[in-house]
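Subject: Structure handover

Hello,

Here is the structure I promised to pass on. Please open it alongside this email, and then read the notes below.

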Amino acid sequence: MALSDSPSGSSDSTAKIAVRNVSSAYESGGETVQALLDISFSVDDGEFCCVVGPSGCGKTTLLRTIAGLETPDSGSVLVDGEPVTGPGLDRGMVFQEYALFPWRTVRGNIRFGLDRPACGCSDCENRVRELIDLVGLDGFADSYPKALSGGMKQRVGIARALAVDPEILLMDEPFGSVDARTRDRLHTELLDIWATTDQSVVFVTHDIDEAVTLADKIVIMGTEPRTVQSTLTVDLPRPRDRTATGFVDYVAHIRDKLGSPTE
Amino acid sequence: MSVQTDTGRNTASVWYASDLRRYLRGLGGLVTFLAIWWIGAVMTQPSYLVPTPIESAWAFLELFTSSTEIVVPIVDMGLVLPTGVAHLTETLFHYVPGLFVGAVCGIGLGLTMGWSGRLDDWLRPLIRVLRPIPPLAWIVFAIVWFGIHHTGAAFIVFVGAFWINFYGAYGGVEGVSSDLTDAASTLGVDRDLSMLKLVALPSAAPQILTGFRTSIGRCWMIVVGAELFGAPGVGYEIINASNNLAMDTSVAYMVLISLAFLCMDVGFRRFERRILAWR
């Protein structure tokens, strides 16, 4: 079993996403806080990559940097070899607190990206119907977000991000606010959706079980310093059984890594 | 099944009873007020100081049984209407343009200032100074610039409507969640104008509409103030009637203003509820 830490994986030139020596700091109460320190890793085309680490380790900042919502102080993010300079339709994002437009219905939210001039879908109505079907929200097309449960809201969030058919899906603790049973179901559905598309996924979580359930590759981040501790390839067949020895070994390994800072 | 229907009917009838009780209490308050008014009016000498409710009711009726000719501004055309309607129309000739132009300008500036940090830096001190000036204080300029007629009164209403709507829109845009603008950016919104239209405006809509609804009421106060200085309309009729010691007619016009405001407020609340069904 490949429990050893993998090297950086593929070389930057063939990777879908290459994060190169990204550092970023922000001011808080007159002090400079180092949010990210010299982060490097890459994600292959079609790969499901989880970034796992304790709260406050800069996972979200990292994801926002890949999305182009934040600019790093040094280093760069490359997508298909091109540096990221801002948000783009090639990178869809799913937010922790859903970030649905409350004045738009489920249909209207999913449709949002399709109405942009940059998007050239020929039959948007149909595309929206397919997506509603895909995330299992039949019958809720005309509901407003306020009427939906957390799990349903995040289904809308996922469908909205998928609508413009991005090559990369960035997910920021998307299932952090839903109950455990719903989360399990959403994991299965997310993997099903991912299997039918050829998207690369970067999925941020603090839940080690969640990371091992989903990922091809896990990037482990620490807080002291806020950098990549190690990268790990998860070599388990899907669907994964959380009680199987292999699974438990991975979880123990990651927990061990997180519990012992490198310095 | 039968249990369910029973509880359903029960809660409905309980709701109905408490509602009825509420209405009866409201009616009781109203009747008590009228009784005190009446006794006070009868006891006050000389009697013209406080007209009785009945006298006032007759004066109110008379607003609709007599007729008056007013002049429609701009087209300068005579128009004969029942007296009350005529003077209310005169008021609306400056109230409506003042309110709408003020609202549009206020919302426009509020949105842009709330959105653009640079414009905010430029204008914030100026607004701090201008904002506390009561709209009616501008009446001196309204008089020397426009004369105290429709335009002058509309200008005063404009000032009042402008600030309330400005703050509604400004606060609304400032409260737009960065999560929503981030989501929109990742979905291809890359121009400020699109972001304003697709995210900021709908997100600020509740505050903007509340601001507008508040300005409907405030502008009625302001418009009556402007008319007390001589602009034609219901406010002018209040002071005109009192100058002739026809206090019952003054009361009738006060009730007319109250009804006009109530209609607009209720109408707008309905509109608001429909637009903000998503809340």
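Start in chain A, with helix H4, residues 150–163, where you will find Gln154(A). Bear in mind that this is a predicted model.

**Gln154(A)**

Is Gln154(A) buried or exposed? Its relative accessibility is 0%, so Gln154(A) counts as buried, the cut-off being under 20%. Its side chain reaches the backbone oxygen of Phe95(A), at 2.7 Å. Phe95(A) is also among the residues in contact with Gln154(A) once neighbours within four places in sequence are left aside.

**Helix H1 of chain A**

Next, go to H1(A), residues 59–67. This helix is mostly covered, with eight of its nine residues buried. Which ones are they? Going along the helix, they are Lys59(A), Thr61(A), Leu62(A), Leu63(A), Arg64(A), Thr65(A), Ile66(A) and Ala67(A). Look just past the end of H1(A) as well: Gly68(A) has a positive phi there, about 90°.

**Where chain B meets chain A**

Now for the interface. On the chain B side, 17 residues are in contact with 21 residues of chain A. The two chains bury about 1800 Å² between them. Carbon and sulfur atoms give 72% of that area. Within chain B, the residues that lose the most area to chain A are Thr186(B), Leu187(B) and Trp278(B). Together they make up 41% of what that side buries.

How many salt bridges are counted between chain B and chain A? The count is one. In this salt bridge, the side chain of Asp182(B) meets that of Arg64(A), with N to O at 2.6 Å. Arg64(A) is one of the buried residues of H1(A).

Two helices of chain B each supply at least two residues of the side that touches chain A: H7, 178–186, and H8, 192–228. H7(B) gives the most, with seven residues. By class, that side of chain B has 10 nonpolar residues, four polar and three charged.

**Where to look**

For a quick tour, take Gln154(A) and its reach to Phe95(A). Then follow H1(A) to Gly68(A), just after it. Finish at the salt bridge of Asp182(B) and Arg64(A).

Best wishes

Terms used
Residues are numbered from 1 along each chain as its sequence is written. Chains are lettered from A and ligands numbered from 1 in the order in which they are written. This is a predicted model: local features need pLDDT of at least 70, side-chain atom pairs count only at pLDDT 80 or more; totals for chains, interfaces and linings use all residues. Side-chain values use heavy atoms; hydrogens and water are left out. Contact means heavy atoms within 4.5 Å. Buried area is the accessible area (1.4 Å probe) that two parts lose on being put together, summed over both. A salt bridge is a side-chain nitrogen of Lys or Arg within 4 Å of a carboxyl oxygen of Asp or Glu. Helices (H or I, at least four residues) and strands (E, at least two) are DSSP runs, numbered from the N terminus. Ala, Val, Leu, Ile, Met, Phe, Trp, Tyr, Cys and Pro count as nonpolar, Asp, Glu, Lys and Arg as charged, and the others, Gly among them, as polar. Buried means under 20% relative accessible area, exposed over 50%, partly exposed in between (1.4 Å probe, protein chains only). A polar contact is a pair of N or O atoms within 3.5 Å; within protein, one must be able to donate a hydrogen and the other to accept it, and residues adjacent in sequence count only if both atoms are side-chain atoms.
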